[in-house]
Amino acid sequence: MKGLNGGRINVASCSLGAAHASLVLTRDYLNARKQFGVPLASNQYLQFKLADMATRLVASRLIIRSAAVALQEEREDAVTLCSMAKLFATDECFTICNQALQMHGGYGYLKDYAVQQYVRDSRVHQILEGSNEVMRMLISRNLLQM
């Protein structure tokens, strides 16, 4: 079980990396791309979306760190926290990557833009090391035994 929990932290961390890269690429794209002579970065809706993405990223990073500490300290709640971290981070990071692709518009689907690869990678993270449905099962089992 220790190996599985470490793997869950690893997969969640991989999603975190893809989401972070997607956020940086999107920020740079919004600053560079102009619409009607104005950078997309000046659009308040896109600013809000970027803020949501950054918030999801930080929350994911924090839950992964918390689970990693619990695992390293061999705490009783390590299995549940690792499951929560994998579930939350992979779902949120996929959302970040997907939003990044959306904000790139049609360019987001082109192989020339790394965002399309991050979306595919982050989607499979929701399945690896136990699907997120299995994570929900492990978390709920623990809650019902309390």
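This is a predicted model: local features need pLDDT of at least 70, side-chain atom pairs count only at pLDDT 80 or more; totals for chains, interfaces and linings use all residues.
Residues are numbered from 1 along each chain as its sequence is written, and side-chain values use heavy atoms, with hydrogens and water left out.

Back to Arg 61, then. Leaving aside neighbours within four places in sequence, Arg 61 is in contact with Leu 16 and His 20, contact meaning heavy atoms within 4.5 Å. Arg 61 and Ser 15 are 46 residues apart in sequence, and their C-alpha atoms are 10.0 Å apart in space. Ser 60, also found in helix α2, counts as buried at 0% relative accessibility. With neighbours within four places set aside again, Ser 60 is in contact with Leu 16, Phe 88, Ala 89, Glu 92 and Cys 93.

Now the protein as a whole. It has five helices and two strands, and from the N terminus on the elements run α-β-β-α-α-α-α. The C-alpha trace spans about 60 × 25 × 25 Å along its principal axes, and buried residues make up 38% of the 146 residues. Of the contacts between residues at least 6 apart in sequence, 72% join residues at least 24 apart.

Next, the salt bridges, each being a side-chain nitrogen of Lys or Arg within 4 Å of a carboxyl oxygen of Asp or Glu. By this rule the count comes to five. One of them joins the side chains of Arg 56 and Glu 92, at 2.5 Å from N to O. Arg 56 lies in helix α2 and Glu 92 in helix α3, so this pair ties together parts that are 36 residues apart in sequence. Which of those two partners is buried and which partly exposed? Glu 92 counts as buried at 15% relative accessibility, whereas Arg 56 is partly exposed, with a relative accessible area of 31%. Another bridge links Asp 77 and Arg 75, with the closest N and O atoms 3.1 Å apart, and Glu 73, Arg 75 and Asp 77 are linked in a network of salt bridges.

That brings me to the backbone. Most residues other than glycine have a negative phi. Glu 74, however, has a positive phi of about 55° although it is not a glycine; it lies in the loop between α2 and α3, the latter being residues 78-103, and counts as exposed at 57% relative accessibility. Phe 36, in the loop between β1 (34-35) and β2 (38-39), also has a positive phi, near 55°, and is exposed, with a relative accessible area of 78%.

I will finish with Ile 127, which is placed in the loop between α4 (115-125) and α5 (132-145) and is partly exposed, with a relative accessible area of 48%.

Note on methods:
Helices (H or I, at least four residues) and strands (E, at least two) are DSSP runs, numbered from the N terminus. Buried means under 20% relative accessible area, exposed over 50%, partly exposed in between (1.4 Å probe, protein chains only).
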